[in-house]
Amino acid sequence: MGTGLMATDSEDRRTLDDDLVWRWHDNLIYGISFKIGDPEKQDWRSDLVLDIDFIAEWLCGASGEFRFRVAPATLTFHDVADLQIAIDHGDSDGRTAMNELSIDHVTRERLARPFDFWHWTIRLNSPTGGKIAFCASGYSQILRTEPKLVTEQHLPRGERT
């Protein structure tokens with residue numbers, strides 16, 4: 001998938017729920033935003049937008065060391081309803097700074113509707129016990145640059161766009 005190309009589950013019927021569980025494993029979330037339409041103008045959009053470092057490829061060298069192809073990406077879930085966000089970094093009396101979130105795995109369950117609609121759960125590695133849950137019709141993902149070969153599962157801060 002090159003720069004600007006979009007991946008969606010609605011266009012690719014081969015997307016399996018098992019594939020989605022690990023598709024975003026260990027991806028870092030740098031930002032969460034909402035794109036809400038204007039019902040007075042018949043714009044019913046309700047998107048949940050995540051700014052992530054997408055691990056496009058995991059590479060294991062002969063010596064057992066890993067390298068990764070990573071790109072900054074915009075991951076958007078469409079027609080979002082029933083949003084629940086549980087993120088608790090603890091209470092350190094202001095000594096612990098906020099940091100990016102890390103995705104452990106993502107699951108979805110099809111809801112009984114005459115159209116595609118799913119209950120999604122994004123479980124977080126960090127902070128421990130964190131999760132983002134919601135209902136949505138699907139997702140789209142756009143890579144903002146070509147994936148870069150790096151030695152960690154994220155881009156160096158200065159290389160994010």
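A residue counts as buried when its relative accessible area is under 20%, as exposed when that value is over 50%, and as partly exposed in between. Keep that rule handy, because D51 has 23% relative accessibility and so counts as partly exposed. One more thing before we start: what you're looking at is a predicted model.

**The overall layout**

Let's get our bearings. The chain holds 1 helix and 10 strands. Starting at the N terminus, the order of elements is β-α-β-β-β-β-β-β-β-β-β. Of the 161 residues in the chain, 37% are buried. If you take the contacts with a separation of 6 or more, 63% of them are between residues 24 or more positions apart.

In soluble globular proteins, nonpolar side chains tend to be buried together. Here, the largest nonpolar core has 24 residues, and W24, F77, W120, I122 and F134 have the most contacts inside it. Which elements each supply at least two residues of this core? They are β3, β4 (66-78), β6 (101-110), β7 (118-126), β8 (131-136) and β9.

Leaving out residues up to four places away in sequence, W24 touches I52, F54, L75, I103, V106, W120, Y139 and Q141. Another core, of 5 residues, lies apart from the largest one, and its members include F68, V70, V150 and L155.

**Outside: a nonpolar patch**

I32, F34, I36, L83, I85 and I87 make a nonpolar patch on the surface, and together they have about 500 Å² of accessible area. Two elements give two or more residues to this patch, namely β2 (28-36) and β5 (81-86). With 3 residues, β2 gives the most. L83, for its part, sits in strand β5. Its relative accessibility is 34%, so L83 counts as partly exposed.

**Charged partners**

How many salt bridges does the count come to? It comes to 8 salt bridges. Here are three of them:

| Salt bridge | N to O distance |
|---|---|
| D43 and R45 | 2.7 Å |
| D51 and R144 | 2.8 Å |
| R160 and D53 | 2.7 Å |

Start with the D43 and R45 pair. D43 is partly exposed because its relative accessibility is 25%, and R45 is partly exposed too, with a relative accessible area of 37%.

Now look at the bridge between the side chains of D51 and R144. D51 is in strand β3 (residues 46-60), while R144 is in the loop between β9 (138-143) and β10 (148-150), so this pair ties together parts that are 93 residues apart in sequence. R144 has a relative accessible area of 27%, so R144 is partly exposed.

Notes. Residues numbered from 1 in each chain as written. Predicted model: local features only at pLDDT ≥ 70, side-chain atom pairs only at ≥ 80, totals over all residues. Heavy atoms only, no water. Patch = residues over 30% accessible without salt bridge, like charges linked within 9 Å, V, L, I, M, F, W, Y side chains within 5 Å. Areas by Shrake-Rupley, 256 points an atom, 1.4 Å probe, with all protein chains shown as cover. Salt bridge = Lys/Arg side-chain N within 4 Å of Asp/Glu carboxyl O. Helix = DSSP H or I, 4+ residues; strand = E, 2+ residues; numbered from the N terminus. Buried < 20%, exposed > 50% of the residue type's maximum accessible area, 1.4 Å probe, protein only. Contact = heavy atoms within 4.5 Å. Core = buried A, V, L, I, M, F, W, Y, C linked by side-chain atoms within 4.5 Å.
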